[in-house]
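Visitor: Please show me the model, and then let us go through it by question and answer.

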Amino acid sequence: MIQPERQGHGRTPDRDGGLTYAGMTADTAGLIEEMSLSRPHVVGFSDGAIIALELAMRHPELVGRVVAISPNVSVSGLTDDALEWLEDVTPETWPEHSARRHRELSPDGPDHWPVFCRKVIDMLRREPEIPFDELATIESPVLVVGGDRDLIRLEHFVDIHRAVPRSQLCIMPGTSHELTVEQPALLAEITLRFLASATDA
């Protein structure tokens, strides 16, 4: 299993300019090519799920099956509570556990957190905006997973599922946008079953 870190995340340094999903998708495609991976399955959560869908659209020759956990393909797919939080959040009020981990790991140093966080906030306020007719071009089998109390609207998950031809939809009960830590064993079982499946979708 390969767990790539995106620009400015974890131990990967930030770069000049803003953050975009297109840029992070290009970085991921470049990694797959650089490592000479043969159509690896791609599993992504939240931002990573958006990148996984973008990879399947922009670079269909590079990916196998895709598991997109809690994706949104439009800012309008967020719930009202999430949109209200995003409107008001600042680097100082961003969840402390994320800020602390960034300060601990980033090669840019702890003082870079406000700069990087503002880039994240700016991106989330304007992206993603992926038309559903572009999702319809995805050829890979895709599993869309969301929590029934997610930051993403339930109907948005349904719309993504309906747009992607070879997709399945799983809504996990009693989970929020933190479903990866709330139900890790169940999520892992669902993911592995899908990746091991011999069916088209």
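Visitor: Is Glu96 buried, partly exposed or exposed?
Guide: In this predicted model, Glu96 has a relative accessible area of 44%. Buried means under 20% relative accessible area and exposed over 50%, with partly exposed in between (1.4 Å probe, protein chains only), so Glu96 counts as partly exposed.

Visitor: Which residue forms a salt bridge with Glu96?
Guide: A salt bridge here is a side-chain nitrogen of Lys or Arg within 4 Å of a carboxyl oxygen of Asp or Glu. For Glu96 the closest N and O atoms of the pair are 2.6 Å apart, and the partner, which is partly exposed at 30% relative accessibility, is Arg103.

Visitor: What is the N to O distance in the salt bridge of Glu5 and Arg11?
Guide: Glu5 is partly exposed, with a relative accessible area of 34%, whereas Arg11 is exposed at 55%. Their side chains meet in a salt bridge with an N to O distance of 3.4 Å.

Visitor: Are the rings of Trp85 and Trp94 stacked, edge-to-face or tilted?
Guide: Rings of Phe, Tyr and Trp (its six-membered ring) pair if their centres lie within 6.5 Å, and planes under 30 degrees apart count as stacked, over 60 as edge-to-face and the rest as tilted. The structure holds one aromatic pair. The rings of Trp85 and Trp94 have their centres 5.2 Å apart and their planes at 55 degrees, so the pair is tilted.

Visitor: How many disulfides does the structure hold?
Guide: A disulfide is counted when two cysteine sulfur atoms lie within 2.5 Å. Cys117 is buried at 1% relative accessibility, and Cys170 is buried at 17%. The number of disulfides in the structure is zero.

Visitor: Which residues does Ala49 contact, leaving aside its neighbours within four places in sequence?
Guide: Ala49 has its place in helix 2 (residues 47–58) and is buried at 0% relative accessibility. With contact taken as heavy atoms within 4.5 Å, the residues in contact with Ala49 beyond those neighbours are Gly44, Ala68, Ile69, Ser70 and Pro71.

Visitor: What area does the nonpolar surface patch made by Ile2, Met35 and Leu37 have?
Guide: Patches are made of residues with over 30% relative accessible area and no salt bridge, like charges being joined within 9 Å and nonpolar side chains (Val, Leu, Ile, Met, Phe, Trp, Tyr) within 5 Å. Met35, in the loop between helix 1 (21–34) and strand 1 (42–45), is partly exposed at 39%. By the Shrake-Rupley method with a 1.4 Å probe, the patch comes to about 230 Å².

Visitor: At what pLDDT do side-chain atom pairs count?
Guide: Residues are numbered from 1 along each chain as its sequence is written, and side-chain values use heavy atoms, with hydrogens and water left out. In this predicted model local features need pLDDT of at least 70, totals for chains, interfaces and linings use all residues, and side-chain atom pairs count only at pLDDT 80 or more.

Technical notes:
Helix = DSSP H or I, 4+ residues; strand = E, 2+ residues; numbered from the N terminus.
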